[in-house]
Amino acid sequence: MKRAPWVALGVFLCPAGPAPAQVPSGQAPPAQTPSGTRPTPPAGSAPRPYDHVVIVSFDGLRPDAIDRADAPVLRRVRDQGAWARNAQTVPDSSTLPAHSSMLSGAPVRAHGMSFDDFRAERGFIRVPTIFYRAHDQGLRTAMFVAKTKLRHIALPGSLDVWSLPHYSCERVSAAASAYLRDAGPGVTFIHLEEPDDGGHRYGWMSRRYLGYVARADRCFGVIMATLEARADRARVLVLVSADHGGHGRRHGTHDPLDLHIPWLAWGSRVHRGPFDAPVLTTDTAATAMAALGLTPGPENTGHPVPQALSRRP
Ligand SMILES: [Zn+2]
């Protein structure tokens, strides 16, 4: 739960990133093909159900906190959207491994991000991400995050915007909202870290943890207001999830309370209401790619969640 000693990277374009151990800067990441070359998906061949996918991850948010906390925005988005009762994160229920799977669709053994802090010498995620695939097809890509370690997911050449404005969700949501007001088609990731912070400090589901959830919900409200003000809001898919839950003052175990995560989809093509089919965090990347008409690579073992995509608007 250590915070980075520096928090003011700000917004910049196409970052050089940490020392690239596995992925040479500006080159394709290694894909899982025998030749080592990256398969090129056919451009524009798939229909595009949405033009924008916004993935909002509430770090350490347990699904049962949505009803227990003062979280009206999360409840409204859930009530207006499709939501999975049985969503799970990766067995290593920690921030960097889980977000790496969420944003690549690959299991931890494939993406290699098995640690949970910022280690410049470890380079980047070893598989293409949703950002890499989208950027490769000319879409806009952006990450707004609150933790330095997520830099490991920011493959060189995969992002138009990398932003680590501050650890507070007020700053993260303000930066993301400014971008989303008129961002072109593409995928945006927003990371709100307050629930995890509250859980480690005061215990998951404690009164003060729920207060941290409420604070993150207000930040989420800023993002939703921006998206709902867009003229093309019917072309926006919002996916809300978490990297892990928690119990006591920790997570990272196989405890179901650590593994169970929220998974909500909000958009014009969702099948409104809860569903019981299991969702894995790798399905987030698969769903985002299907929403944008992108062809996933072999690294992406997730499955698009049909409840997010298939209804005619
Ligand atoms: Zn944590």
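**A walk through helices and strands**

The crossing of helices α3 and α10 is right-handed, a crossing being right-handed if the near helix is turned clockwise from the far one by less than a right angle, and left-handed if anticlockwise. By class, the contact between α3 and α10 has three nonpolar, four polar and no charged residues; Ala, Val, Leu, Ile, Met, Phe, Trp, Tyr, Cys and Pro count as nonpolar, Asp, Glu, Lys and Arg as charged, and the others, Gly among them, as polar.

The model is a predicted one, in which local features need pLDDT of at least 70 and side-chain atom pairs count only at pLDDT 80 or more, while totals for chains, interfaces and linings use all residues. Residues are numbered from 1 along each chain as its sequence is written.

The chain holds 10 helices and 12 strands; these are DSSP runs numbered from the N terminus, helices being H or I of at least four residues and strands E of at least two. Of the 313 residues in the chain, 56% are buried, that is, 20 or more other C-beta atoms, placed from the backbone, lie within 10 Å of their own.

Helix α3 spans residues 95–104 and helix α10 residues 282–291, and the two pack at an angle of about 25° with their axes 5 Å apart. Here axes are lines fitted to C-alpha atoms over the stretch in contact, and angles run from 0 to 180 degrees between N-to-C directions. The two helices are therefore roughly parallel, a term for angles under 35 degrees. In this packing, Ser101, Met102, Leu103 and Ser104 of α3 meet Thr282, Thr284 and Ala285 of α10, where contact requires C-beta atoms, placed from the backbone, within 7 Å.

The strands come next. Strands of a sheet pair through backbone hydrogen bonds, either parallel or antiparallel. Strand β8 (residues 236–241) has six of its six residues buried. Val236, Val238 and Val240 point one way from β8, whereas Leu237, Leu239 and Ser241 point the other way. Strand β2 (residues 52–58) runs parallel to β8 and is joined to it by six bridges; pairing requires that DSSP find at least two bridges. Within this pair, Ser57 has Ser241 as its bridge partner. Strand β10 (residues 263–266) pairs with β8 in the antiparallel sense over four bridges, with Leu264 opposite Val240.

An open sheet of three strands has the order β9-β4-β12, with mixed pairing. Because β9 (260–261) and β12 (279–280) each have a single partner strand, they stand at the edges, and one side of each is left without a neighbour in the sheet. Strand β4 (residues 87–88) pairs with β9 in the antiparallel sense over two bridges, and Ala87 has Ile261 in β9 as its bridge partner.

Terms used. Buried ≥ 20, exposed ≤ 12 C-beta atoms within 10 Å, placed from the backbone. Parallel < 35°, antiparallel > 145°, perpendicular 65-115°, else oblique. Contact = placed C-beta atoms within 7 Å.
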